[in-house]
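Subject: Structure for your review

Dear colleague,

Please find below the sequence and the structure that I am handing over to you. My findings follow directly after them.

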Amino acid sequence: SVQELLAQGRFETLRHWLAEIPENLWPAAPRLFIIQANCEVAAGEDRAAIRWLETAWRHLRASGDLDGEAETLRILGHLCIWEGARERLRALAQDVAPRLETFPPAARARVLELLARAAEVEGDLPGAERTYRDALATAQASGVPHADITPRRYLASLLGMMGRFTEAEGLFDEVIAGYRRIGGTHEEAHVRVHLALLLSSLGRYDEADQHLAAVAAAQPVVPCRVLHGNLLIARGIVAARRLLARPAEDLLREALEPGRPSYRYLIDRLPAQIELSLLLASREPNEARRLAAAALEAAARLGPFWHARALLAFGIVTQSAATCAEAAGAFDILDLAHWQVLALILAADMPDGALEPLRQEAVAALRSLKTDETWGFLLAQAGPARLTPFRDDPEAGPRIAGVLALAPAEPPLLLTVRCLGRFEVIRGGVALGADAWPRSAPRRLLQYLV
């Protein structure tokens, strides 16, 4: 079927097939416009995709094809989210919501998915979860094979954002299994990228790398520019979280080059800007501040969660405890306790944040944490050194001590020697300058031996 070909990433097959059908016949079969739009999305031609989708929507709505209209709206919703077009997404949701019950079950599930994504972007995370679960139940009850895969996929992403990592991982695994059953190599690869980022946020880097390696292996048979950009950014983010500064910087700088597939959509560009700004904060503070400011300026277009993420990054880069505390407040409004606590811990660790009121606020937030997975997130994101000062708290202290006892030993710093071009010795991703050598003779001897 067409849906299976799309899931497999066989866009060239679809393009050749469409080329055999005269365009003047397409209005009689308006779902052809949807197929063309999907091919344009894969090629990174979002504006062309939107034009095809709007044409499809006009014909499908006039013909009463509710199933086709629902699919058109779902893809339009994706593009609105990727580009940060919140107003357009809101308008789509407001237009279709009153007609929800007129759609047949499988189509209604896709409309519910669109409404859930719109609620997520607006910051109504509990409402988004309820609507995703409604979409999932409706898809399962529809009797249409595999209709439940996409609502399950986006519910997994939402739960990961909300700090319910175990649930999210389980759902992602189910989605990957579902795509594998239908040979959906293309969509499976996209899901593996998201799962890799989730695992890396918990410090499970080896597992994240395995998923990214599987995506890299699938790339030659999946000609999707969006996937290529996603993989490049994910590799950079995971390398940064592993503290591999040089390869992470190279990957993220490449991702942020205008014209790259990874640069095209705001939903991809913004995380790369945030991660690179944090990576450069100590070495290139001016560039880091520029990147963080650009991310903060654009982040509201993706919704309050990403605005809070960008605000926290700007606070870290500018070493402002007040800005980090402001980000904590934004996370609190969203009821994201794990991000709120992280922001407060980072604020308390800054030179202007070592104030008793701020420390007390961080302690209170730490005491409120209940699940082990949240503590695992904090350990990976904040590091043992930032958690250690809170070990003396009678309530949070025992939990912190337990988490620190499980912290992996610091890996030895990787030493790399570059001989082609300028001779360089790189330790832990950072090139050693002249001040790292007490005398020049050892450096010359190493150069000679290598």
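In this predicted model, helix α9 (residues 149-161) and helix α10 (residues 165-181) have axes that come within 8 Å and cross at roughly 155 degrees. Angles over 145 degrees count as roughly antiparallel, and α9 and α10 are therefore roughly antiparallel to each other. Their crossing is left-handed.

Which residues of the two helices meet? On the α9 side, they are Ile149, Thr150, Arg152, Arg153, Leu155, Ala156, Ser157, Leu159 and Gly160. Their partners in α10 are Phe165, Glu167, Ala168, Leu171, Phe172, Glu174, Val175, Gly178 and Tyr179. Sorted by class, this contact of α9 with α10 contains 10 nonpolar, 4 polar and 4 charged residues.

I also draw your attention to the backbone at two loop residues. As background, most residues other than glycine have a negative phi.

Gln319 lies in the loop between α18 (304-317) and α19 (321-333). Although Gln319 is not a glycine, its phi is positive, near 55 degrees. Is Gln319 buried, partly exposed or exposed? Its relative accessible area is 42%, so Gln319 is partly exposed.

Asp335 belongs to the loop between α19 and α20 (337-348). Asp335 is likewise a residue other than glycine with a positive phi, here about 60 degrees. With a relative accessible area of 62%, Asp335 is exposed, because the cut-off for that class is over 50%.

Yours sincerely,
A colleague

Technical notes: Residues numbered from 1 in each chain as written. Predicted model: local features only at pLDDT ≥ 70, side-chain atom pairs only at ≥ 80, totals over all residues. Heavy atoms only, no water. Helix = DSSP H or I, 4+ residues; strand = E, 2+ residues; numbered from the N terminus. Buried < 20%, exposed > 50% of the residue type's maximum accessible area, 1.4 Å probe, protein only. Axes fitted to C-alpha atoms, helices over the stretch in contact; angles between N-to-C directions. Parallel < 35°, antiparallel > 145°, perpendicular 65-115°, else oblique. Left-handed = near helix turned anticlockwise from the far one by under 90°. Contact = heavy atoms within 4.5 Å. Nonpolar A, V, L, I, M, F, W, Y, C, P; charged D, E, K, R; others polar.
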